[in-house]
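Have the viewer open while you read.

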Amino acid sequence: MIEYENLASLNEPFHEEYISSFKSVLKSGWYILGENVKKFETEFASYNKASNCIGVASGLDAITLSIAAFNFEAGSEIIVPSNTYVATIISVLQTNMIPVLVEPSLETYNIDPAKIEASITNKTKAIVVVHLYGKSCDMEPIMALCKKYDLKLIEDCAQSHGATYKNKHTGTFGEFGAFSFYPTKNLGALGDAGAIVCNDTDLTKTIRRLRNYGSDKKYYNELIGYNSRLDEVQAAFLSIKLKRLDEINSHKRKLASIYLNNLKTDFIKPVVDSDYFDVYHIFNIRHLKRDALKEYLLENNIKTEIHYPVSPNNQVALKDLFKNQQFPISEEIHNTTLSLPISFFHTEHDVQRVVEVMNKF
Ligand SMILES: *Cc1c(COP(=O)(O)O)cnc(C)c1O
């Protein structure tokens, strides 16, 4: 069986270092927001060539706190892509903002810059872009729109650790880059964790307060904040894995190149462009008979996933919000996309086997 993902196998190369770092955190007696968090924050800021990094409890919180930091009037509008993991939209709703969905490009699966302007109103305050599947959005036109309409820019980088656009890291184009370290992500912890990268000193200070009940001095609260702190154990694990993030990404890129070069043209493959350094958090293809293909692969002992089976506007929890709107491109992607095995533990041989079976479909 070729699994889609296996977190125990994925983490095997790190076992010994994880165990010894766990022992040292255990002995230290300091478990939340300590030296390990500070160390990881410094390392992750430097990895991304950003000035600051603030560790938080999850990717969802990283986006939520980023929006909250601006203190926009309730009911302000925030532009988000219509095809994203639901967390991006939930973060907008949790901060009492109105999500305005903009369709993606059918080629890159990322928000289509040409479609954003028509959705900007005098209530629009920010754009939250998502670098989906590990490919950066087309940042130049998006930044031009932010400048023209004075909008804040937040990047959801939950799938794009290490991805770049014109040699600049995702997460460093806007005011905030919001990262998730959910165990399956390219940089994954052994539990929930997240971080925000930021180049502005004042905004960084606000996030540091927001994550800790609005306080940066014990028992003195400047803001009505959240409890969204990164713990020492996860931070220590993340420092260990960060040293090998480039190796993880290049392994995934190598596996992706096998798919790109060998899958027959019946399958619509991800686009490749030299301005973009893609890290393939997910390697997806599209096919009209997606469900039959998934079934066929399973019969041949190959597991796949769908990211995502239901578009956000069709989710039970959200559909009333978007009921009179149409998102045909997003729905087409949701109906045809299939994610192929591309984990750090998969071998080139595994991927060659997937290609061989797929090409007989
Ligand atoms: C995983 C993910 C999130 C949420 O991260 P959590 O750490 O699970 O809260 C947000 N956005 C995208 C695009 C994701 O893939």
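## The shell and the pocket

The ligand is surrounded by 14 residues, the closest being Gly59, Leu60, Asp156, Ser180 and Lys185 (a residue is near if one of its heavy atoms lies within 4 Å). By type, the shell splits into 7 nonpolar, 5 polar and 2 charged residues; Gly counts as polar, while Asp, Glu, Lys and Arg are the charged ones.

The space the ligand takes is the largest pocket. A pocket is an open set of points on a 1 Å grid over the protein atoms alone, where a 1.4 Å probe fits, with protein on both sides within 12 Å along at least five of seven lines; a molecule sits in it if more than half of its atoms lie within 2 Å of its grid points. Helix H4 (59-68) and helix H5 (87-94) are the elements giving two or more residues to the shell (helices are DSSP runs, H or I, of at least four residues; strands, E, of at least two).

Three strands form an open sheet in the order E7-E6-E10, with antiparallel pairing (strands pair if DSSP finds at least two bridges between them). Strand E7 (168-169) and strand E10 (276-277) are at the edges with a single partner strand each, so one side of each has no neighbour in the sheet. Strand E6 (residues 164-165) pairs with E7 over 2 bridges, and Tyr165 has Lys168 in E7 as its bridge partner.

Most residues other than glycine have a negative phi, and most peptide bonds are trans. Lys49, not a glycine, has a positive phi of about 55 degrees; find Lys49 in the loop between helix H3 (35-47) and strand E1 (52-56). His307 and Tyr308 are joined by a cis peptide bond, omega about 10 degrees, and Tyr308 is in the loop between helix H11 (290-299) and helix H12 (328-336).

## Ground rules

Residues are numbered from 1 along each chain as its sequence is written, and side-chain values use heavy atoms, with hydrogens and water left out. As the model is predicted, local features need pLDDT of at least 70 and side-chain atom pairs count only at pLDDT 80 or more, while totals for chains, interfaces and linings use all residues.

Methods: On a 1 Å grid over the protein atoms alone, a cavity is a set of points where a 1.4 Å probe fits but cannot get out, and a pocket is an open set with protein on both sides within 12 Å along at least five of seven lines; lining residues have an atom within 4 Å of a point.
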